[in-house]
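Please consider the model shown below. The paragraphs after it lead a new reader through selected parts of the fold.

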Amino acid sequence: MKAGYRKGEININGVQILLSMSIIGAEDEFFESDLNDVGDDQCKYFGSIDQLKDHPAHLLTFIQHVILQFDPAPLLCYLHGALHKNLSAKETKKQFVEFHNNFLDKGAVSSPLHNSYHFYAVILDRNRPELLPEETQKRFVHDVQSLQTGEVAKQLDDFRQKRMMGMTPCEAELMDVENHYPTDRIPMEMKEKSVAENILDKMADPEGLVFAADGPGASPTSASPQLEEVEPRLLEFEQDPPNWRELAAPEAVSSLRKKEIKRQEVINELFATEHAHVRMLSVLQMIFAKPLERAALLTADELAAIFPNLDEIIDMHYNFYENLKKLRHEDGFIVKSISTTVLNRFGGTEGEWFQKLTARSCSHQSWALEQIKSRQKKDPRFNSFIQEAESKPQCRRLQLKDIIPTEMQRLTKYPLLLENIAKNTEKERIQQSAECCRKILNHVNEEVKSMENLLTLKEYQRKLDTSGLKPSNELYTEYKNIDLTQKKMLFEGSLTWKVTKEKAIEVQCVLLGDMLVLLQKLDDKMVLKCQSKSSIAVEGKMMLSPIIKLDSVFLREVATDQKAFYVIFTWESGAQIYELVAQTVGERKCCSRLSCGVILT
């Protein structure tokens with residue numbers, strides 16, 4: 001494929017198309033009515049050729065996409081034909097000769113099976129093209145152009161789907177136009193012309209093409225996201241599925257009772273929301289995970305931790321969606337029974353696998369978000385990459401931090417969706433599925449909480465300073481190398497530690513499985529520091545440890561303060577009393593209840 005140009009003109013394989021800033025002339029509904037499908041909001045300029053005609057940058061981008069993905073002859077024929085509508089008699093004859101030579105004489109778009117081609121072929125056998133009457137020439141172009149509408153419509157549809165997935169060229173240029181705010185100095189028309197000329201420059205240079213001719217994607221020379229080829233099975237998720245009423249036989253729908261219609265609506269809601277979830281997972285994979293891997297901005301281990309089990313999770317939800325879709329097709333889109341499908345998804349061995357995958361994915365969510373936030377602050381290339389990826393239309397104005405939690409959000413919705421279905425059909429088995437789902441959700445919540453607690457302990461451990469234990473040789477020897485991450489955290493919160501009536505200090509209380517730890521914040525450190533009840537630090541009864549072993553304590557409420565409680569630590573030779581005050585009564589109850597639970601255990 002060779003491309004050459006002069007300003008306002010493109011020549012592809014010898015086919016010359018004039019590209020004035022108003023590329024196609026006045027509308028001709030007879031030609032273009034078949035192409036005026038309404039596009040997705042994300043691709044509003046690409047709904048039809050009619051929409052493209054006044055947007056040269058968008059039209060050139062579409063031409064480039066077609067050149068790289070399809071036989072461009074039908075599109076070029078259509079565009080060339082559109083030029084004829086407003087030409088003078090002299091120009092009509094000149095352009096008709098080129099039209100004939102490029103598209104008909106060489107057989108680029110002709111079909112001997114079509115009556116129009118056969119009719120004009122007979123005429124052209126007897127006459128030279130330039131000698132035909134002007135009206136005959138225009139009618140001939142009119143007819144041949146109209147025959148290309150079907151193929152051009154398919155190409156437009158392909159472009160819309162591919163752009164939604166970020167797989168079309170010149171996206172940065174198009175976003176530059178679409179985000180431009182017109183002013184008197186730079187009106188929109190001027191902006192579009194300027195960007196169109198830049199795109200034309202790229203098209204003239206084979207090295208400037210964004211995508212290689214043998215597929216979407218090119219080797220990145222920067223940290224710009226270069227998207228992977230989307231799996232064919234995921235293409236359907238770029239458009240919302242039709243409602244069951246649109247697909248079912250009208251006579252079948254009209255015969256349904258009100259309760260059955262309600263039943264079909266809630267089943268359709270499960271199907272439609274599962275479709276939307278698979279779409280969001282595919283965005284996470286194709287817009288972020290795979291391009292990040294390709295750009296080598298994250299290591300393999302980092303990618304696995306930030307996007308754990310992503311491929312398996314997509315497979316799992318895709319299979320569930322396909323099973324739901326199969327039910328719809330088999331039952332003529334009026335689903336008879338759904339209980340077996342959902343019970344197989346959330347119960348038995350499949351449910352256990354579902355639980356395992358979602359638990360790992362969701363439990364890493366907080367860590368992943370922190371890692372991304374931290375990396376964006378430290379690494380300008382990574383930050384630029386993420387921002388550019390987030391600007392792509394398929395993200396639908398969501399940031400990566402909004403998309404990562406999608407699996408947890410989906411999991412929380414299943415029980416409610418299933419309960420709504422159970423109200424209208426197969427109550428016992430659907431409720432059984434909902435209960436299985438709730439058990440999965442509870443397990444995942446526990447895993448999420450455990451992981452978040454571990455991350456909190458790691459942060460405490462990173463900042464931990466044990467030098468404040470040195471006044472007590474015994475405590476310092478025992479706890480100087482303490483590793484908080486090896487313990488289970490039950491509670492954390494701010495408390496006031498009343499050492500004496502005159503001395504109160506703010507501490508961070510960390511309740512672990514076997515001890516209560518009182519940390520003081522000092523600059524960026526979390527300090528373990530012994531406190532003395534007297535002005536003279538003496539080891540023994542007067543020295544209070546910031547670490548309290550729970551196997552030798554009991555709790556008492558403080559009668560004069562509902563937010564306070566006593567922790568009484570006993571040993572062979574005596575006891576020590578700690579008075580702690582929580583921020584709220586609720587926090588006091590939570591901390592003391594959990595502490596009591598550990599003590600009783």
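**A guided reading of the model**

Leaving aside residues up to four places away in sequence, Thr425 touches Arg263 and Ile430. The model in which this is seen is a predicted one. Thr425 belongs to the loop between H21 and H22. With a relative accessible area of 11%, Thr425 is buried, because buried means under 20%. Its side chain is joined to that of Arg263 by a polar contact of 2.8 Å.

The protein has 24 helices and 14 strands. Of its 601 residues, 48% count as buried. Among contacts between residues at least 6 apart in sequence, 67% join residues at least 24 apart.

How does the span of H22 agree with its 37 residues? At 1.5 Å a residue, those 37 residues should span 54 Å, and the end C-alpha atoms are 53 Å apart, which agrees. Several residues of H22 are buried, among them Ile430, Ser433, Ala434, Cys437, Ile440, Leu441, Val444 and Val448. Further along H22, the buried residues include Met451, Asn453, Leu457 and Tyr460.

Is Lys463 buried or partly exposed? Its relative accessibility is 24%, so Lys463 counts as partly exposed. Not counting residues up to four places away in sequence, Lys463 touches Asp524, Lys525 and Met526. Val527 is 64 residues from Lys463 in sequence, and the C-alpha atoms of the two are 8.1 Å apart in space.

Aromatic rings provide another way through the structure. A search of the whole structure finds 11 aromatic pairs. One of them is formed by Phe62 and Phe159, an edge-to-face pair at 5.8 Å centre to centre, with 85 degrees between the planes. What does this pair tie together? Phe62 lies in helix H3 (residues 56-69) and Phe159 in helix H8 (residues 149-164), so the pair ties together parts that are 97 residues apart in sequence. Phe62 counts as buried at 0% relative accessibility, and Phe159 is buried with a relative accessible area of 0%.

Phe320 and Tyr414 form an edge-to-face pair too, at 6.4 Å centre to centre and with 65 degrees between the planes. Because Phe320 lies in helix H15 (residues 310-330) and Tyr414 in helix H21 (residues 406-422), this pair ties together parts that are 94 residues apart in sequence. Both Phe320 and Tyr414 are buried.

Rings also join in a cluster, where ring pairs link Phe237, Phe271, Tyr318 and Tyr321.

The next stop is Gln285, found in helix H13 (residues 258-295). Gln285 has a relative accessible area of 3% and is therefore buried. Which residues does Gln285 touch, not counting those up to four places away in sequence? They are Glu231, Leu234, Lys290, Pro291, Leu310, Asp311 and Ile314. Leu310 is 25 residues from Gln285 in sequence, while their C-alpha atoms are 7.3 Å apart in space.

The last topic is cysteine. How many disulfides does the structure hold? The structure holds zero disulfides. Two cysteines may be examined individually. Cys77 counts as buried, at 0% relative accessibility. Cys170 is buried as well, with a relative accessible area of 2%.

Technical notes. Residues are numbered from 1 along each chain as its sequence is written. This is a predicted model: local features need pLDDT of at least 70, side-chain atom pairs count only at pLDDT 80 or more; totals for chains, interfaces and linings use all residues. Side-chain values use heavy atoms; hydrogens and water are left out. Buried means under 20% relative accessible area, exposed over 50%, partly exposed in between (1.4 Å probe, protein chains only). Contact means heavy atoms within 4.5 Å. Rings of Phe, Tyr and Trp (its six-membered ring) pair if their centres lie within 6.5 Å; planes under 30 degrees apart count as stacked, over 60 as edge-to-face and the rest as tilted. Helices (H or I, at least four residues) and strands (E, at least two) are DSSP runs, numbered from the N terminus. The expected span of a helix is 1.5 Å times one less than its number of residues. A disulfide is a pair of cysteine sulfur atoms within 2.5 Å. A polar contact is a pair of N or O atoms within 3.5 Å; within protein, one must be able to donate a hydrogen and the other to accept it, and residues adjacent in sequence count only if both atoms are side-chain atoms.
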